[in-house]
Amino acid sequence: MAQLPPITVSTLDLARLEALLEKQPESDAVTRLENELDRATVVAPTEVPDNIVTMNSTITFAMATGKETFTKTLCYPRDMDSSNDKISVLAPIGAALLGLSVGQTIEWPAPNGKTLQVSISAVDYQPERAGDYQS
């Protein structure tokens, strides 16, 4: 796998994600998210650049396997619903998206043993940019 790009996480997201991970059974998804949090640059919510994927951000991204783009909201597992417009942070693609900025690409292990390549093209909504720290 290629070198991982730098990522940024807010102190608020970090605290919420650490609390979530404490309640999860050990799994590859949990380990990958823990590793991402360990390598992240952590900043106050008010200092998160507006082009960073944070929790509850709505983002547009593309997979290297095709030209199709997706617009999804990165959410906590409890917020998943049947709308198909959300991605759990515990899903492989969810953990890969967290902390990336517009223009960055990451290679990430897929459940089938292959590698996903994901590129961020836009952060359409970011709670920190909107001043919403309650999500």
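The lining of the largest cavity in this predicted model is made up of four nonpolar, two polar and four charged residues. About 50 Å³ of space lies within this cavity. Of the ten residues that line the largest cavity, Asp13, Arg16, Pro127, Glu128 and Asp132 are the closest to its centre. The structure holds one cavity of 30 Å³ or more.

Two helices are represented in the lining by at least two residues each: helix H1, which spans residues 11-22, and helix H4, which spans residues 127-130. The largest share comes from H1, with three residues of the lining.

Helix H1 also packs against helix H2, formed by residues 28-39. The axes of H1 and H2 are 11 Å apart, and the angle of packing is about 155°. Angles over 145 degrees count as roughly antiparallel, and H1 and H2 are therefore roughly antiparallel to each other. The crossing in which H1 passes H2 is left-handed.

On the H1 side, the contact with H2 involves Leu14, Leu17 and Leu21. The residues of H2 that these leucines meet are Val30, Leu33, Glu34 and Leu37. By class, six nonpolar residues, no polar residues and one charged residue take part in the contact of H1 with H2.

The lining of the cavity includes four charged residues, whereas the contact of H1 with H2 includes one.

Note on methods
Residues numbered from 1 in each chain as written. Predicted model: local features only at pLDDT ≥ 70, side-chain atom pairs only at ≥ 80, totals over all residues. Heavy atoms only, no water. 1 Å grid on protein atoms, 1.4 Å probe; cavity = no way out; pocket = protein on both sides within 12 Å on 5 of 7 lines; lining within 4 Å. Points joined across faces, edges and corners; volume = space filled by probe spheres on them. Helix = DSSP H or I, 4+ residues; strand = E, 2+ residues; numbered from the N terminus. Nonpolar A, V, L, I, M, F, W, Y, C, P; charged D, E, K, R; others polar. Axes fitted to C-alpha atoms, helices over the stretch in contact; angles between N-to-C directions. Parallel < 35°, antiparallel > 145°, perpendicular 65-115°, else oblique. Left-handed = near helix turned anticlockwise from the far one by under 90°. Contact = heavy atoms within 4.5 Å.
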